[in-house]
Structures are given as structure tokens and as C-alpha cells.
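I went through one structure by topic and wrote down what I looked up.

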Amino acid sequence: MECRDVPAETLYDVLHDIEYRKKWDSNVIETFDIARLTVNADVGYYSWRCPKPLKNRDVITLRSWLPMGTDYIIMNYSVKHPKYPPRKDLVRAVSIQTGYLIQSTGPKSCVITYLAQVDPKGSLPKWVVNKSSQFLAPKAMKKMYKACVKYPEWKQKHQPHFKPWLHPEQSSLPSLALSELSVQHADSLENIDESSVAESREDRTGNAGGEGSDDDTSLT
């Protein structure tokens with residue numbers, strides 16, 4: 001996606017700022033950082049709403065990031081954390097490799113490339129796969145862009161100098177050794193069969209909430 005009036009550093013901040021994500025990401029149920037491994041790597045939790053009547057999903061990921069001059073990269077993959085096992089009310093998804101490449105194209109413009117190699121678990125019906133690829137992903141990118149435009153004004157009112165992803169000394173997360181984690185493999189998780197789930201009338205008409213919504217009143 002080309003962002004003609006969003007600097008690369010602003011987009012990088014938006015993707016990192018967990019408090020702001022709770023404002024613009026209408027799919028999020030709960031998200032928080034768990035611990036840090038190094039100055040540019042941490043472990044976090046994220047759960048999100050899925051189209052009804054599918055079960056909602058969650059994921060535990062190890063995330064790392066790297067500024068490269070005027071470009072930035074953020075990548076993550078799923079891990080097991082002993083204190084955050086799969087929950088009965090959610091399906092534990094697996095990020096095989098997911099991330100963002102932000103490339104500056106000028107003082108106030110950039111291009112973002114989004115890679116998502118994810119196993120959502122469950123035998124999903126075809127309509128879910130089609131809806132995700134054709135509608136939800138593009139609308140999610142559009143909403144991310146809107147969030148970037150509004151971020152500078154929002155951040156000025158919400159701890160404007162607090163950016164631990166740029167200033168590691170600001171982080172209050174507990175330290176965690178890599179040895180306490182292990183890679184989360186999809187085949188070790190229960191497979192929930194949702195292949196027979198029918199599409200609701202809301203989903204057929206495109207009126208479902210979440211990433212499909214263009215409402216951005218919560219960003220103010």
C-alpha cells in the first residue's frame with residue numbers, strides 16, 4: 001500500500017503503539033505486551049474477533065523490529081509461553097511468519113508491504129477464506145492508513161514522548177530468557193472443525209463490524 005501523506009516513521013510508530021491500536025483496530029479483543037527479550041524483541045498477546053458465528057482467535061508471538069535508516073521492519077512468529085496456554089473460549093492461531101516492511105519514499109510518504117503467513121487453525125469454510133482475502137484484508141489496510149493520518153494529533157495528547165520501541169530505557173516490561181519459550185507448531189494444537197458454519201446475513205451484506213467497518217470515530 002502506498003501512503004502518500006504518511007511518513008515512514010509515523011507508520012512505524014502506529015504499528016508499535018499498543019494503546020493506539022486499541023483505538024483504531026476494531027477487531028481487537030485484548031492485546032498486551034508480556035515481556036522483553038532484548039532491546040528490539042518482545043513477546044505479546046493478541047486476540048481478535050472473527051466473523052460470526054466462527055470462534056474468536058488469539059495468538060502469542062515473539063516480535064522483533066529493526067530500523068534501517070529511513071526504512072523499518074517488524075516481524076513475528078508464534079511461541080509457547082508457560083503462563084499463557086490456549087484458552088477454551090478462543091482458538092489459538094499460529095503465526096508462521098508475519099510482518100511489515102516500511103520503505104520511505106519521501107519526507108512525508110512511504111510504502112508498506114504486509115506479509116501474513118498464518119494458520120488460523122480450524123477447518124474454515126470457503127466463504128471465510130474468500131471474504132478475508134477479497135474484503136477484510138484490503139479494508140484493514142485502509143483503516144490502518146486512516147489511523148496513521150490521525151496518529152500525530154492523538155499522540156500529542158497521550159504520552160507524546162513515550163515510545164519504548166525507539167527508546168528501550170522507557171520499557172517497564174520484565175525480562176524473559178529465550179530458553180523459557182518454544183516455537184508454537186500448528187500440529188500440536190487442537191483442530192476445531194468450523195467447515196460447516198454458514199455465513200450470516202450480516203456477513204453477506206457486508207455490514208459486519210471489525211475491520212470491515214470504516215467508522216473511525218473512536219480515533220478522536
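**Cysteines.** I searched the whole structure for disulfides and found 0; a disulfide here is a pair of cysteine sulfur atoms within 2.5 Å. For Cys-110, the closest cysteine sulfur belongs to Cys-3 at 4.4 Å, too far for a bond. For Cys-148, the closest one is again in Cys-3, at 6.1 Å, and that is also too far. I then checked burial, where buried means under 20% relative accessible area, exposed over 50%, and partly exposed in between (1.4 Å probe, protein chains only). Cys-110 is buried at 0%, and Cys-148 is buried at 2%.

**Ground rules.** I am working on a predicted model, in which local features need pLDDT of at least 70 and side-chain atom pairs count only at pLDDT 80 or more, while totals for chains, interfaces and linings use all residues. Residues are numbered from 1 along each chain as its sequence is written, and side-chain values use heavy atoms, with hydrogens and water left out.

**Helix H1.** Is helix H1 largely enclosed or largely open? I counted 8 of its 9 residues (8-16) as buried, so the rest of the structure largely encloses this helix. Helices (H or I, at least four residues) and strands (E, at least two) are DSSP runs, numbered from the N terminus. The buried residues of H1 include Leu-11, Tyr-12 and Leu-15.

**The cores.** Those three names came back when I looked for nonpolar cores, meaning sets of buried Ala, Val, Leu, Ile, Met, Phe, Trp, Tyr and Cys residues joined through side-chain atoms within 4.5 Å. The largest has 23 residues, and Leu-11, Tyr-12, Leu-15, Tyr-20, Ile-102, Ile-112 and Met-144 have the most contacts inside it. At least two residues of this core come from each of H1, helix H2 (18-24), strand E5 (71-80), strand E7 (94-106), strand E8 (109-119) and H3. Which element gives the most to this core? My tally says H3, with 6 residues. I also found another core apart from this one, of 10 residues, among them Ile-34, Val-43, Val-79 and Leu-176.

Leaving aside its neighbours within four places in sequence, Met-144 is in contact with Leu-11, Leu-15, Trp-24, Tyr-100 and Ile-112.

**Strand pairing.** Two strands pair if DSSP finds at least two bridges between them. E7 and E8 run antiparallel and are joined by 11 bridges, with a hairpin linking them through 2 residues. Along this pair, Gln-97 stands opposite Gln-117 in E8. Strand E1 (residues 2-3) also runs antiparallel to E8, joined by 2 bridges. There I noted Glu-2 opposite Val-111.

**Aromatic pairs.** How many aromatic pairs does a search of the whole structure find? I got 8. Rings of Phe, Tyr and Trp (its six-membered ring) pair if their centres lie within 6.5 Å; planes under 30 degrees apart count as stacked, over 60 as edge-to-face and the rest as tilted. Phe-32 and Tyr-45 are stacked, because their ring centres are 5.1 Å apart and their planes are at 20 degrees. Phe-32 is in strand E2 (residues 28-38) and Tyr-45 in strand E3 (residues 41-48), so the pair ties together parts 13 residues apart in sequence. Phe-32 is partly exposed at 23%, whereas Tyr-45 is buried at 4%.

My next pair, Tyr-151 and Trp-154, is stacked too, with centres 6.1 Å apart and planes at 25 degrees. Both lie in H3, 3 residues apart, about one turn of the helix. As a reminder to myself, an α-helix has 3.6 residues a turn, so residues three or four places apart point the same way.

I ended in the loop between helix H3 (126-156) and strand E9 (182-183), where Gln-159 lies. Phi of Gln-159 is near 50 degrees, positive although the residue is not glycine. Most residues other than glycine have a negative phi. Gln-159 is exposed, at 56% relative accessibility.

Ser-171 sits in the loop between H3 and E9 as well. Its side chain reaches the backbone nitrogen of Leu-173 at 3.3 Å. Leaving aside its neighbours within four places in sequence, Ser-171 is in contact with Arg-36 and Pro-164. For that reach I used the polar contact rule: a pair of N or O atoms within 3.5 Å; within protein, one must be able to donate a hydrogen and the other to accept it, and residues adjacent in sequence count only if both atoms are side-chain atoms.

Conventions
Contact means heavy atoms within 4.5 Å.
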